[in-house]
Every structure is written in C-alpha cells, then in structure tokens.
Amino acid sequence: MRLTMFRLLLPAVLLVALVGVLSSCGGGDDEGGGEESAGIPSDFKAPTAAPDNAKEGGTLTILNEGDIDYMDPGAAYYQVTYMVTLATQRSLMGWPPDATQPVPDLAADQPQVTDGGKTITFTIRDGIKYSPPVDRDVTSADVKYAIERSLLPGVPNGYTAAYLGDLEGFKEAEQQVAKDKTTAPDISGIETPDDKTLVLHLTRSSSIPVIQALSLPVSAPVPEEYAKEFDAETPSTYGEHVTFTGPYMVKNDSSGELTGYTPGKEIEIVRNPNWDGDATGDFRPAYVDEINIQEGFSDPTSAAQKILDGDSQINGDFPPSKTIVQKVATGQEFSKDQLVAVPSGGNRYIALNTQKPPFDDINVRKAVIASSDREALRNTRGGELFGPVATHFIPPLIPGFEEAGGLQGPDLDFLANPNGDPKVAEKYMKAAGFKSGECEGSDCDITMVGDDAPPGLDTATQFKGQLEDLGFDVTFQPVAHDIMYTKFCSVPAQEPQVCPNVGWVKDFNDPQSILQVPFSGDSINPSNNSNWPQLDDPKINKAIDQAVTITDEQQRAETWGKIDQDITALAPAVPWVWDNDVLVRSADVAGVANLFNGEWDLSYTSVGG
Amino acid sequence: MEAHDFPESSEFRGRPGAVGGSAELTEIDPTKIAARSPWQLFWRRFKEDKLAMASLVFLTILVLVAILAPVIVDVVGAPGPDVDDPNALDPTFATASGPSSAHLFGVDGLGRDVFSRVIYGARVSLIVAFVATFLATIMGVIAGLLAGYFRGWTDTIVSRLVDVLLAIPYLMLAIGLAAACTFSTGEEGTSSGCLGGLIKPGLGVVIFVIAVTSWTYIARIVRGQTLSLREKEFIEAARASGAGHTRIIFRELLPNLTAPIIVYASILIPQVILYEAALSFLGVGVVDQPSWGQMIADATPNFSTYWWYMLFPGIALLMTVLAFNLVGDAMQDALNPKAKKT
Amino acid sequence: MLRYIVRRVLWGVALLFLVSAVIFLIFYVFPSADPAKLRAGRQANPQLIEQIRDQLGLSDPYLEQFARYMTQVFTPFDWFGAAAHGGTGPLNFGRSFQSNTPVSEIIYERLPATALLVAGAVVFWLLMGLPVGIISAVKRRSALDRTTMVTSLALISAPVFWLGLVALYLFASDVGLIHVFPGIGSYLDADSFWAKCWSLFLPWLVLAAATAAIYARYLRSSLIDVMSEDYIRTARAKGVSEGNVIMRHGVRSAITPIVTLLGLDVGLLLAGNAILTESVFNIPGVGREIVVAINRSDLPLIQGIVLFGAFFIVTFNLIVDIAYAYLDPRVRYR
C-alpha cells in the first residue's frame, strides 16, 4: 500500500521538479534544486553550499573501506579518488559542489572556442604555485606535460585516448611513446605560445567533450623538470611524489615523497602552504585544517554507526547499510539530516552478451528485460533512497536525460513495468521461437559471473532467480570484484552470457561520457573492454561518432537523448537503477556534497558546527 | 574452529596407552557365560550414555528432515528456499522483516524465507559432513595402513607428507585451494575446476578441499594402530603360515582397525561440519545452495538488526555439531571402557 | 639429545622449503587471476601489463621463479636473477602486487594485532579452562561435572564466528543489547595499548571460550588417568593431603600433554588460524590479510603470510618436540 501511494506521489514530485529545473535553467544558482528530478525526497537532499556560519579549522576524518585507485592525477579515474583530487589539484576546469557545468579553475576564464569548434584557447591564472618542495608558479607548459605524460604506458590513464584523441598529433604521439616508453611524447596539437596561454588544435569540432574532459584530473599541472625522472620508470613513480596546487596537499617530506600516503591504510592531508585562494580566485573556501582518510572499514553497518555516533567523521567509499539507513531516515536514533543522498551520475545495468547465443537474438533479450523485476533488483542495494529504477541509460541531471524520456523512459513495452511484465516476456520468447514462452534447448545453459560480496552478490542472485523463472539454467560464479572485470567481463573472449554487476558513471556532465564507451562498437577492446554487451550496431556507432562533434548544447542533448533511446530499444542490457550515493556524517559536521562525483566535498565541508 | 582439539599429540608421540587400545576388543574374557560379540558389547556400553542416545535420535530426525526438506517446507506452508517475497521487505527501505506468521523465522535481505533455508541447509551440512569425512577416512586409512605396515620408505614418505600438510595453516590452505579450483580459467566464464574438471566449484570443491586437509588426522591414528598391531602374535602367526601382505592387511589388520576407524571418523564429522561452515563464512564454501555458514555470513553486516537470520542457522549448527560430538564421545568411551573412567 | 635436536631442526628447515613448494604450486601454477593485470590496475593498456609481467618475472619458467623466491627468502645471494626482480635476501618476501609495499613490512605491521589477540586469548583460556578441568576431574560424575562437560562440549560445537556475533549482539557497546564491551572495528580506533586491549576483550573471550572447553576436557581426562596411577595411591597412603595430591602430583603429571597442546595451538593461531575471529571483529591481523590477498591473487603476499605462518607452526612444533624428548627419552630413538 505504501508503495502505491508513493508511486502516486512520484509524478507530482516530478512535476514540481520539472518546473523547478526549467525555471532555473543555466545552472550554478540552484540550491541543488535539480536533485528533485532524481527523485530524492527533500528531507535527504544533500547540501551543495556551505552554511553561512561555517567554522574554520579542525580535523575531518573519512572512513573508507578500500583505497583510492591512484594518487597520480594523470591516472586517477574513480569518484572516490576525485574526493582527494578535487581538494588537492586544480585542473583547467573545476567543479564547485553545485555546478552542472565545469567552471574555470586553473583557467582564468571560460576558454575561447574558435574555428568552428576546432581550436580552444585557455589562459592560465597568475600566481598559482606548486606545493613545497617544488614551490614554483604554474605555467601552461605544465598542463601540456600533464596531458602528454598520460600517454606513457607507465601512467595508466583510462580516458585520454577516448576524449582527447582528437588533438592534432595525438596519433603521432602514441607512436612516439611506443618506441620510447620513458619519455613523455610531444603532442603537436597542444601549443604554449607563452607561459600563460594554452592553445589546443583539434582534428574535428569536438570542443565540448574536450573541454569537459579537461575538468578531469589529467589536466592538473605537472612540472616536467620534477616529474621526468619518475615518469622514466614503468610504472611511473610520480604517484609517490605528487606535487599539489589545490588548497590541500598530501603530507610529504622535503624531497617531495608522500609520507602521508600509506596504501591500504591511510592518507593524511594537510593545508597547502603555497595556496592563496583569494589571490588566485579559487572558489574553494577550504575550512578544515586537516583531513584523514582511514581505510579498512569493511563492515558498513558498524562503520556508519561509528560516523553517526562520533565526531567529525564522514563516509567515503561505502554507503551505509540498509538497516542504518532505515534507522536514520525514520529518526529512530540519529538526526535525520545526518543522512543525505546525491545522484552518483551513473547507472547500473545487467549486460547481456550480444555476441553469444541465446542473447544474440534481440527477442530473447527483450523477453529477459520484460520479465525482470527491476525494482527488486534496485531493492537489493536499498530502498528508494538508493536511486530510481532506471528505464534507459543517461542518468538524471545529465543533459539528454529528459530528451531520452526522463524517469518514465522511452515508450518500449518491455521496459514499461518496473516490476516486470510476464505477458510481454512470453510474447518475445514466442517471437524468438520458443513456443512455450520459456527457454528450451541447450542454449538455455548460461553462465553468469558476478560479485562475491553484497550488495553485488545479492543483485546477481536476485537476477539469477528471475532468469530461472524464464526457463534458463544459470551457472552463477561469484568472484572478487576486480577479478570479475580483469578476467571475465572485460575480456571479450572470456565473457560469459551475463555480467550482472556492471554499470557506468559519467566521466563528466555530457551524455557522450555515458554512452560512448559502454555502447559504441568502436570502443570494444580485446583486453580491457567496457562495452560489456559487446554492442556493435553500425547505425549507433555512426550516430555516436557524429554526435561527438556537435557544438550546440541543445542539439547535443537532443541527439544524444535519441541515441540513448535507440540503444535502449536494442535491449543490450537490463537498466535497473540510476543510483544515488548515500552519505552519512557525524552530527558536528556541516557536510557539503559535490554533484560531480557524488561524494562529500572536502574543500567545502566544515566541522565543529 | 580456531583451536586444534584433535587429540593428536598423544597419538603422534606413540605414547603407550593413549592410542585407542584395540587390543581390548580381541582379548575378551572367555569365562563370561554369555559370550557377546565385540559389537554387542560396544553397543551396550554406548547405550548407557543417555545424552548420546538422545543425540542419535536427533541426528536420525535431522537426516530425515534433510531428505524430506521439500515436504516439510510444504507442510509448514513456507515458501521455497530460493523464493523472494518482496512483500516481506520494507517498501521504502527494502529491509528484511523478522519472524511473523508468514515467515516463521523471518526473511533474509533478499526476502527469502529463513525457515526454509535452514531446513534445506541441513542438506549441505550433512552431505559435506558424510562425504568429506568418508573421503578423508579412505585416504587416511590407506595412507596410515601402508605407512604403518610397510614402514621404511613408505612410512617416511607418508609421515613427511603429513608433516608438510600440517605445517600449512589449514584454513589458508583450504581457502587457497578453493580459490585455485574455483577460478582456474575455463571457457567463457566457466571454471575448469580441479583435477581435470572433476571438481567443480561449489559443493565439489568444498568436499575436495576439506577431505584433502583432514585425512592427516585419520592417517596418523591408523598408522599408530597399525604399528602396534603388526607386532602382535596373530600377525606373526599369519606370516609364519605364509600369508601374503594383501591377506594380512585385509584379513587380519583391517577388521581390528574397523572399530577405531569408525570412532575416529565419527569424531571427525563434527569438525568437518564446522570447517564447512567456516569456509562458507569466509566466502569460499557453498554459494549456490542455502548453507548454514553462508547464512550467518550473509547476516553479519546487519546482525544487530536482523538477529533472526544470524540466530537460527547458528542454533542449527550448534545442535547438529553438539549431537555429533556427544555421539562421538560416547563411541570413544564405549570403545575403551578401561582407558576412560567417567 | 643434541643429535635429536639437530635432526629436528634440519627437518624443520626442510619442511619450510617443502611448504613453499606446495604454496608455489597452488598459487603460481593455478593462479586465480592474472597478477600482472591486477597490479596494473583497471585501465591498464597491454603494454603496461607486459612491462609489469616482465618486472615481476612472471614470464619466466615456474622452476626459475620458485628458485628465485627461495633464494630471496633464505639467502643473501643474487642467483636466478634475484637482484633484478625484487632484490636479494635474506628474508626478502617480495612486494605486494597490489600496493607495492614489501610483504615483510605488511606482515610486521599486522602481526602485533594477531599476537595481542592470541596472547590475551591464551591467558583467558588457561584461566577458564584449567580450573574447570581440575575441578571436574576431582568431582567426577557429579552433577557439576556433567553440566560443565556438556556446556564445554556445547561451546566447542558452536562455530566461533557465530559465538562472536552472538557476543556482539548481547554486549557490544555500539549495537548490543547491553552496552558493555567495544564493538566491531574498535581496534582500528584504539590508540593506546590499553585501549587496544579493551577493544579486544570480546574477541579474547570468544576465541578463548571454545579452546578453554577443549583444555578443560583434556585436562580432565588426563588428570583422571593420572589419578588412577599407583604412585598417587602411594602418596595418599603416605599421608599427603588431598589438595597436595591433586595439585603437586596429579596435575603436575597431567599437565604435560596440555603444555604440548598449548604450544601447538599458539603456533597455529599465530600462523593465521585466527582468521574467523579477526574477520568478525574487524581486527587488522594477519589472518584477515590473507583472505583479502587470496581474493586479489596477490601472490607474494599470500606466499609470504603462509610461509610466515608455517614458520610459527614448525617452530612451535619443534619446541614442543624437543621438550617432549627431554621428558621422555624413548621418543628420541624412533
């Protein structure tokens, strides 16, 4: 009963939200109003601005289960690592907590785009200095080096080739690096006419994704004379000697070696003495004096309890367990506002391997999607606070979301009912040639490789049952998360029929970063593949390739929205949630969440309140 | 199980008197009026232990429950062990509900009936217990017999092998073996298993791993027994009358070893059950079927709220292992009534 | 006697060697994942993976890798390319594939937690188990005896991780019914030695419970055996008080197997059998580390921890054997 009531409420909330979003278009001045369109009740909306009476000073402690992926900004590619990089590095473009579009950070102003979107000119701000011991001013050559070093095999960057590959001279640079692995190549398309100017020449008009990509840590400046010796090694050891430009830095010694980083254990972050936010126009207030990330908390219930009970703590890479969420959200033990939800900007789906029977038949795929109870899948992660049931792939708050159908989704019968529709499933199974409406024959023996720990394990187990209802005989092999990717799901030759625990988080606020890598046939890669359904539809591939170069924002949203609908109609995967990051804080923490990576923002959060 | 409660050390040292003393069985007082067979005496002594008899009854019922699991679940009116009941989950927070009229023991995080899963879980525990113990016993008996009878190089090799295996912390060995067998590359996501595909992940791997790490217990005991038996006169007599090794082993030694083998195997069973529970708890045990250890593992993140699915499988484990322990104890007492005065 | 010790020590070293071979076989020959890939990270390109594979020497024949590992652990020499692939030894267990930290460092860091856990548990189980065993033996067949024996059997029959959860449910200060002892993860928080001890109170009790029961039963049966010996009767006949008979003569003899058992148990626990307790209570010890390492296919870490554990087991076995040989000369001439 409560469920149906909420469902009636939802469209009403949606209407209000739509009005809210439409009336405050342009971004930057909402008080996180866009969050309503993600279905988050107002009680649990994450604050995206610091309170007026935010206190300076104090130590903030972050509890983590695991570690960041890389300390090296050239390799960092993980929302939790971004918590650190957003506070310690200034990329060309940056993300204040409530921004829906990137804002100039290292750059003095919005870049100038000329030549029909093929030339981008940045001006670097004056007076930005590296942390000790490097101590010198940042120049444009440092940004050029930062981008070029990300091509080195020793700097395992996962996105430069995808998003900056349109730079002139990129291919030549890749060949250069294949011959000499120890020196960063020269990309001729990046010019530095003077110390403060950076000019990028592209081979086609993909300026929008390029500028967005430059908001990622890869454009955080790296001093070549300091980093060269570390980059000559493979893997590069710059990660143990990083230098910083943000308000905070990781503790280091006089030679620059990071003493504050013990992998797997803790990260000690202190203020960067060379940072002057006022003089360099930094939007970050930087209230706390010290930040400590402690790793190893593998029990989300007790860790969340500790944060809620304690002082000056917040959670990092794990959500509180469902029982804790229930306790807090119903006001049983703690104050309700100690829990907030923020859209992660990502989706989760169950990939169906389109290159293997029986899922090479679109009717079988549609049947599977139709029969799956996606709400039950979402509930394995938690209730409604953990995100709305997904109906396509672009998540809320990203341009193209509404154009693809918004929360309701495109008009497809197999996705119409979030609890599944057995009749539609039967119809498609029959269309596939299974007269009984259920799977028959040897093709029905399928394998699924998923997570061996909750909540992924629960989702996979739930889905297994749903598949079995349709007559499939499922062998489920749970393995460790990393192994699931590196050995099975991301290796096309080894990929089973179903990979249930996959998903994609946006790289930046443009729909290209949600759809290109996961669904374009051109991005299928034999050893590290993220197009898990192995979808290779020539029409979609072409549409994606062309949409990259659209320079009009409105047109981009419409075109990518249409691509999302077309992809969804091909039924390559079961989209089941656009998940929210659920964050908890101690009572004395005035937490501010950043909409870009869906985590607490360390430069805006304060303690002692 | 953390501590190592196999009474091994005394066996290993070869301390006289601590090793079962099967001699008792062959030297029965011939002046007794009604000569009873060793088995009858054994049973008589066993029956005296009331707790053990009660345990035996309990275990019989448990075996029946395991076999008739679907029937029982039906009769009680509970849904099957893999059936998710979305109505049992809180609509807003998707949290599980506790014992209620619809679900006797409550539901787990996915909405599955805990009572059902506990009943079906008995199957896994019992299958692993019996099969793994059986395999370990066979392996142990063969190894121990050969080592004890032939001595010399055979004994050296077997004893050294046992030493090596015992030097590796058995849980680590088990987890490692289980991981190796589960993750070896097969085609397209399937595991090729161990021993050329014979051992498949899941129940197979668990039984294999437990058997491989537990046979040493039986091997040592059998070796000790064989060593002391082979010096007895009846063996010498058999040899003098020209009996070959095979005959001696099968006709003379084995029958005298049967009783202690059975007793020690029955002492091994509860250890194996706990062992399987531990492996399941650590995530390398049985995954695709309800298993008590795995249910407790599932319950761990939320045990303070979802007490029901931590409690009931645990109690089931406790009672089963306790019952086996009581039976094993009584069997051991019945075997050597003189050595242990209670 | 000396010959016996030397023989046993040599065999101990050989054992360690053989254990390494077995571990190597299991984890290198049947690896659960590609360690080079895992080390390279999620978005590594094939070149980086190959480079790492070379650096770690993973493309060399297994025998060579094994020989190199043995050289690095036991000797200071640069054989089999030791210096080029991780440096020379001795006691060089390599570096973790995941974090590139030296394995020995990781082990030394986690050992204190396990050691403290085991030490405290030993104290408790001796304090709880021995008196119970003695009293039960003395008052055998009484109701007290029967109850304690069944209770201890029950404690042995309960899985230790379940006992831990039940204990936490009842007594944890954060989530328990009665707020008494620190709960899960409190060890990670604890700064001082005493805070750490306090956070380990429940783990100590839980780990000790089952073992205490075992020791109680063992001591009981051992003491009963001893008490029926002739020299006990003689002592009583000589007029020695019953208390002295029990403690000075009875327990003294009966305690020998307990001491050997204690040695073996401590060795086993330090070697990582405390995994279950460490997992439940979230104690950053050696046992937990290996579960994580196995999941990640972090071969050097796995190898290092198991070898270290084997070292403890072998050493404690050795101590126990030598002590036993000292007490019972017959054993030496086997």
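This is a predicted model: local features need pLDDT of at least 70, side-chain atom pairs count only at pLDDT 80 or more; totals for chains, interfaces and linings use all residues.
Residues are numbered from 1 along each chain as its sequence is written, while chains are lettered from A and ligands numbered from 1 in the order in which they are written.

**Chain A as a whole**

- Chain A contains 17 helices and 23 strands; helices (H or I, at least four residues) and strands (E, at least two) are DSSP runs, numbered from the N terminus.
- Along its principal axes, the C-alpha atoms of chain A fill a box of roughly 75 × 60 × 45 Å.
- Of the 609 residues in chain A, 60% count as buried. A residue is buried if 20 or more other C-beta atoms lie within 10 Å of its own, exposed if 12 or fewer, and partly exposed in between, with C-beta atoms placed from the backbone.
- Taking contacts in chain A between residues at least 6 apart in sequence, 71% join residues at least 24 apart. Two residues are in contact if their C-beta atoms, placed from the backbone, lie within 7 Å.

**A four-stranded sheet in chain A**

- Four strands of chain A form an open sheet in the order β4-β5-β7-β6, and their pairing is antiparallel. Two strands pair if DSSP finds at least two bridges between them.
- The edges belong to β4 (112–114) and β6 (190–194) of chain A; each has a single partner strand, so one side of each is left without a neighbour in the sheet.
- From one strand to the next, the twist averages 20°. Axes are lines fitted to C-alpha atoms, for helices over the stretch in contact, and angles run from 0 to 180 degrees between N-to-C directions.
- The antiparallel strands β6(A) and β7 (residues 197–201) of chain A are joined by three bridges.
- Helix α3 (residues 140–149) of chain A packs on this sheet and touches β6 and β7 of chain A, with its direction at about 165° to that of β6(A).
- A hairpin connects β6(A) to β7(A) through two residues.

**Backbone details worth a look**

- P132(A) and P133(A) are joined by a cis peptide bond with omega of about 5°. P133(A) sits in the loop between β5 (119–123) and α3 of chain A.
- The peptide bond from P454(A) to P455(A) is also cis, with omega near -5°. P455(A) falls in the loop between β15 (445–451) and α13 (456–469) of chain A.
- D115(A) is a residue other than glycine with a positive phi, near 60°. D115(A) lies in the loop between β4 and β5 of chain A and counts as exposed, because it has 11 C-beta neighbours inside 10 Å.
- A94(B), again not a glycine, has a positive phi near 55°. A94(B) lies in the loop between α5 (69–76) and α6 (114–150) of chain B and counts as buried, because it has 25 C-beta neighbours inside 10 Å.

**Where chain B meets chain C**

- Chain B gives 46 residues to this contact, and chain C gives 58 residues.
- On the side of chain B that touches chain C, the elements giving two or more residues include α1 (8–13), α11 (245–281) and α13 (308–335) of chain B.
- That side of chain B has 29 nonpolar, eleven polar and six charged residues. Ala, Val, Leu, Ile, Met, Phe, Trp, Tyr, Cys and Pro count as nonpolar, Asp, Glu, Lys and Arg as charged, and the others, Gly among them, as polar.

**Where chain C meets chain A**

- This contact takes 28 residues from chain C and 29 residues from chain A.
- At least two residues each on the side of chain C that touches chain A come from α2 (35–40), α3 (46–55) and α14 (286–296) of chain C.
- The largest share of that side, five residues, is supplied by α3(C).
- By class, the side of chain C that touches chain A has eleven nonpolar, twelve polar and five charged residues.

**Domains of chain C**

- Chain C is divided into domain 1 (33–92) and domain 2 (105–327), with bounds from an automatic or database domain assignment.
- The C-alpha centres of domain 1 and domain 2 of chain C are 38 Å apart.
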